[in-house]
Amino acid sequence: MNLNELLRENIKNLQAYSCARDEFKGEASVYLDANENPFNSPFNRYPDPLQWKLKEKMSDIKNIPVENIFLGNGSDEAIDLLYRAFCEPRQDNVVAIEPTYGMYKVCASVNDIEYRKVMLDENFDFEAYKLIDSTNAHTKIIWLCSPNNPTGNSLNRKEIHKLLKWFRGIVVIDEAYIDFSAGESMSDCLLLYPNMVILQTMSKAWGNAAIRLGMAYASKDIIQVLNKIKYPYNINLLTQNQALKALDNHEQTEKWLSDLNEERTLLIKELGKITFVNHICPTDANFVLVKVDDANAVYKFLVNQGIIVRNRSNVSLCLNCIRITVGTKEENKTLIEELKKYALI
Ligand SMILES: *Cc1c(COP(=O)(O)O)cnc(C)c1O
């Protein structure tokens, strides 16, 4: 893969904005360089544009070198930046599995990029050659999501490796739910695949959706491109501080994970007893996709009981499916009780 051939011409030639905090790094006693207000510490100062402290902690926990980490305003920022870096509007295209997370498609539309869907098979899995068959000389990115949303399953590892070897463009693997899975992250293979980008997030296992922090892991060259085109201060101070706290307290996350995975097993067992549940999709995520007799009716009933699940009935291959997030023991119990009531009407 040649990164310079993949990048858009304007991005290749871009001179990045140089902010005051880029020009002077280090400690000083008097800061008169950024037109900040000297009062209202610590909020008067611009935050670290490259979030070094946070990345160092992330690097320790994830065992990924700092120079291979990009931090964004949610994974959504990284998704958008990848389009802006590699895809020329009205000229390039991307290929993605279907069904999957909706943001890949939305960001394609925003950036005026053709989005090519390749349907998953009956096990919600894929074959690398089918994705390759859908590419052409203008395909810059292939989007994978594993464990996948809304299906919950992990994609076939062998096929992911094949795709990374065969495709000369960027392969993104969205691992938003990897911590709920027994499977390993693909991040161990960063050196092997210079065309791979892995996305993770603080929004799910880490319980910090509100702070908007997403991670992208990739080759140093790709990370440099993302850093060049992002907004200078894309991660605010409150977010950086809260993320540091969460990473310091990672035992809490591990406890949540073991509790939630236990609850997931219980929830699946109870859902199996519900008469109108026709299929429970295998899941490696903190949600479960279930096929029911009439998804619209079940959804409406639950809303009336104050319980909100996701009706995925209009999504490809998901007719009459609802997606249920694993909640607390009490929340899951309430859900099951209401579903049993619905079965009686
Ligand atoms: C929830 C989710 C994310 C998280 O996005 P953020 O912008 O980091 O909150 C990313 N990818 C998938 C597939 C998701 O389901």
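Let me start with the ligand and N149: a polar side-chain atom of N149 lies 2.8 Å from an oxygen atom of the ligand. That falls under polar contacts, meaning a pair of N or O atoms within 3.5 Å. Within protein, the term also asks that one atom can donate a hydrogen and the other accept it, and residues adjacent in sequence count only if both atoms are side-chain atoms. This is a predicted model, so local features need pLDDT of at least 70 and side-chain atom pairs count only at pLDDT 80 or more, while totals for chains, interfaces and linings use all residues. Residues are numbered from 1 along each chain as its sequence is written, and side-chain values use heavy atoms, with hydrogens and water left out.

T201 has a polar side-chain atom 2.7 Å from a ligand oxygen. For R212, an N or O atom of the side chain is 2.6 Å from an oxygen atom of the ligand. On its own the ligand has 390 Å² of accessible area, and the protein covers 94% of that; areas come from the Shrake-Rupley method with a 1.4 Å probe, and for residues only the protein chains shown count as cover.

How many residues surround the ligand? There are 14, and the closest are D174, Y177, T201, K204 and R212. The cut-off for being near is a heavy atom within 4 Å. By type, the shell has five nonpolar, five polar and four charged residues. Here Ala, Val, Leu, Ile, Met, Phe, Trp, Tyr, Cys and Pro count as nonpolar, Asp, Glu, Lys and Arg as charged, and the others, Gly among them, as polar.

Next, the sheet. Four strands form an open sheet in the order β8-β9-β11-β10, with antiparallel pairing. β8 (277-280) and β10 are at the edges with a single partner strand each, so one side of each has no neighbour in the sheet. Strands are DSSP runs of E, at least two residues, and helices are runs of H or I, at least four, both numbered from the N terminus. Two strands pair if DSSP finds at least two bridges between them.

Strand β9 (residues 287-292) is joined to β11 by five bridges. V290 has I322 of β11 as its bridge partner. As for cover, four of the five residues of β11 (residues 321-325) are buried. Buried means under 20% relative accessible area, exposed over 50%, and partly exposed in between, with a 1.4 Å probe and protein chains only.

Now the cysteines. A disulfide is a covalent bond between the sulfur atoms of two cysteines. The cut-off used is a pair of cysteine sulfur atoms within 2.5 Å, and the whole structure has zero disulfides. C107 is buried at 5% relative accessible area, and C281 is buried at 5%.

Last, two individual residues. I61, in helix α4 (residues 52-62), is partly exposed at 33% relative accessibility. Its C-alpha atom is 7.7 Å from that of L247, 186 residues apart along the chain. N234 sits in the loop between α9 (220-229) and α10 (237-248), and N234 counts as buried at 11%.
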